[in-house]
Amino acid sequence: MDDDGGGEAADQHVYTSAGSSPGRRGSAMMSRASTKRVSFVAGASVAEPPTRQQLVRYVSLQHWSRWGLLNMPVPVTIWFIIVSLLLVASHTQTSFFVQDALVGYFKNITADLSRGVPPDRVFSEALSQDLDGVSCTCACALQRNQALCEPSTSNRTENFETSVKLTQLSLLRHRSEWIMNNESGRDRPVGWDDLRTLADVWFWLQHGLVPEIWKQEPLFKPVHWRNFHPQASENATNSSAYHGRGILLRWNQMIGGLRMRQFRLKEDFCSIDHRITDRYAKTCHSKEPADEPYGPGVQSYAEGFMPEPNVLGAFDAHLDLAYPTYVATEKLEHVLNAHGWLDPSTDALHVQAAFVNAESDPPLLGRFQLSFGFERSGGLRHSIRVHTVSTVPFNTDLEWWLTVIWLLLVIFLVVRQVYRGISACKKHHLNSVFCNFWNIADLATLVYSFGLAANYSLLSAETAFTVQQVADLPAAPDLDIATTDVLRIYHETWDSALDRVLILADWGEWNRILLFYYTLLLTLQFLQLFRAQPKLAELGRVLINSIEDLIHYTVLFLILFMNFAFSGFMLYGLYLEGWSTGTQAINTSLQILMGLCDIVEMYEIAPISTLLWFTTFLGAMIFVMLNLLLAIAIDNFGIVKARAGTKVGVWTQFKFLVGDQWQRGLCKGLCCCCPCRRCRRDPAKPPHSLMLREIMHRCGYSSKERRRIQHNVLGPQWVRKAIEKETFACEKKGVESVLDIRQAYADSDLREMGVDEDYIDDLCKSTKDFLKHEYDLDEAREAQLREIVLLAQSDMTDMRARLADCQEFAGVHMANLAQRLESLETVIHHALQELVHLAEGANISTKGQVLRSPAARAQMDGTMSTLRSISPKKKTQSMFSSSWKGVLEDLKDDPEDVDGAGGRGRSRGSVRGSVRGSMRGSVRFGGGAGGGAPGSSSGADPEGTIDDWQRAHKRVSVTGKRITKSARDEWRGK
């Protein structure tokens, strides 16, 4: 089909405007008379068949309805599967409960001097093994005011036999000394929210976190006898049993121990005057990570003071859960703290550990990290992060089946997309595949789906490998006989497992982020499906139309909002934490925008500035900008509604779809059992897509209009409104003929296409029902007003053409009339001249002079009175008496003399001269022949002079005719 189907009709159409030239108006009126008048309410009658334009709208609705019904199941199923996997397979709820519990657990840890204090003297393990244990038969329950030991029959005593080692006795002695020196047994505790300085962090770690994880009892509590049982001995080094150490909230078991990783900065020169730094012995640091050992690590290997080779700027220290509490506290107190492990060069400290929760469903493998950042301003930032990941890829069979169905659907979409690409390549329509936004969105979704599947496979493999590595961790070496190299190798082993867990936890978080973006891509699939439903397409179009306005709105909003946020930062940043940084200032401004505002503390800092800031913020950002956003949405909705308003909802569309399929033989299609489904194909009932293309071809739609119709279900309505607007505004030439073609009845087109007669009737009836359902009173009124205006314009054009013809006709005839009037004027003028000469010849005064004698005057008055009173016949006879008789008798002589005299008169070169000469010759000749004075009677018979008078009258009339013809020729010559 040609792109410009209406071009030929447009070229043949004669386009005229109101300002066309008068010479063309006649042809323009004839052209308009031969062309059908454009109508905006064509096909409005129920008895009339639908027009092509109306049928395109209904068939397009059926086409999109079927398209949406066929394409909806796959995206919707994929969406439901992804949502189910997010709810079931991601284990978000279980992970959240574990993370929330652990974060609360760490925040509730308080540090005091009753825990984490290493003993002053501890007997060596070798000495403890050389000495035999002491056998006890009772435990003394000491009471005030009682004997040292009660009888064994007392209810407060318990018999047992065990060995008490020297290390345990040393701890007992340390406990007793602490109780003697600290009678109260308590000091001010330091909690998570109380941390402000580096010293606070170290105190909290040594006297809070480590004793809590190692389950060390406070020194002021009594010792239970089971602590001296051999199976509960603190010097046990079997890594398979930590004897209660490292258990967080009953079910979360730590793996290996704690790793404290410090990040250090290099020392550098200060940018301030060196005299100041020299006076106060100040050193500054650059932002470059330190990579050299310090402290004891300068001379020899010392754990914690040597840089890690794999992590730039990192220095690690390990606390093993396999060893007793005093080992960890001794390392903190006498090794790390004593040699200044944390100093001004420390930039950040991360306390990390891995844990496993075997009781959760599914079992979880996770890590926690306590981060402490030491600001150069002297402040401290600290946070707790806990991440978990499932140890099994598919906890239930449901997860496995959902994943398999999802992969099958993705493969189906790939096959369908490949088929579409091959079909487009055969038809040489590759632009429709690679230049279509929705096809690009489909390709992006498919590529992302395969990437997500590959990522999930790699994540499952990494999870299995990490679980296996954690299970293969070796036992901790004996502390008394282990060398430094042995401990280093052991730490590297569980460091590797810990790093694997950290990587796995971060990978799990990235997998959640990938799923988040995947849901956004699935949203595009739903927007693509919305094109098939009129009301949803209308709302989607409102969103698309609002993008440009929203971009400008966002620019304005950001400028105003950022100005308010940073002005508040300048006002309150030094006094309020919520305004202390740029990020917090923006966050606080957003909270005020949502109605969360602490205006009191702001007012206490700057009363006048606060009133000004808050008033302007309230007026500009809330009353103006938020309402402007609402106005943009309403305005664009009104534009789309006026452009392509529709009333077809989901159920109405489904009803029309079912009705059309029923007319096509739905039962036959459902009962068809052949694999190829050929019985569903009826040539007399072609597919909607084929009918739509054919009708668009007959309507003469351009390629742009076809793309718009094929874009979504509202396309025919947009095209119709656009062509009606162009026709009404006369924006293009030939648009009226195009609209005439589209307003032709469509039933004949369907018959030419070979469509079944019954289906044609049903289709026309359904189209009318659809138009009746879509009837809009405002649109009908607008169409009627356009029709009235069009009729008025047509009538005005016809009237203008008729007036032009009248003007042309009147111009020609007025010119003729003017010529005739001028000729008449000339004739009258010469007739008057002749009358004057006649009067002079009859001795009648022509200048108002008094007659020579009163008798002659009286005779003239009597003659005139007689002439007025007598009949015309008698008036003719009486005119030959008295003074007229002599004149007429002079005219009966030879006419050649008269002609000769007249010829001499005409030889003067003017009409007036010829008349005057003729008259003068006649008068002179008559006077000479009569031999008497003019007016004297010759005594001739009056009856004999009638012929002479008639001959003279004829001669004068011929002269007048010659004068008239001469005057006409003279006027035309000019």
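A search of the whole structure turns up 1 disulfide, meaning a pair of cysteine sulfur atoms within 2.5 Å. Keep in mind that this is a predicted model, where local features need pLDDT of at least 70, side-chain atom pairs count only at pLDDT 80 or more, and totals for chains, interfaces and linings use all residues. Residues are numbered from 1 along each chain as its sequence is written, and side-chain values use heavy atoms, with hydrogens and water left out.

**Stop one: the disulfide**

Select C270 and C284, whose sulfur atoms lie 1.7 Å apart. The link is right-handed, with 100 degrees about the S-S bond. It joins distant parts of the chain, 14 residues apart: C270 sits in the loop between β2 (252-268) and α9 (274-280), and C284 in strand β3 (residues 284-289). Helices (H or I, at least four residues) and strands (E, at least two) are DSSP runs, numbered from the N terminus. C284 is partly exposed because its relative accessibility is 26%; buried means under 20% relative accessible area, exposed over 50%, and partly exposed in between (1.4 Å probe, protein chains only).

C597 is partly exposed at 32%, whereas C699 is buried at 1%.

**Stop two: a helix pair**

Now show helix α13 (residues 437-471) with helix α14 (residues 484-530): they pack at about 160 degrees, their axes 9 Å apart. Axes here are lines fitted to C-alpha atoms, for helices over the stretch in contact, and angles run from 0 to 180 degrees between N-to-C directions. That angle makes α13 roughly antiparallel to α14 (under 35 degrees is roughly parallel, over 145 roughly antiparallel, 65 to 115 roughly perpendicular, the rest oblique).

**Stop three: aromatic rings**

Next, colour the rings of Phe, Tyr and Trp (its six-membered ring), which pair if their centres lie within 6.5 Å; planes under 30 degrees apart are stacked, over 60 edge-to-face, and the rest tilted. The count comes to 29 aromatic pairs. Zoom in on F564 and F617, an edge-to-face pair at 5.3 Å centre to centre, with 85 degrees between the planes. F564 belongs to helix α15 (residues 534-572) and F617 to helix α18 (residues 607-644), 53 residues apart.
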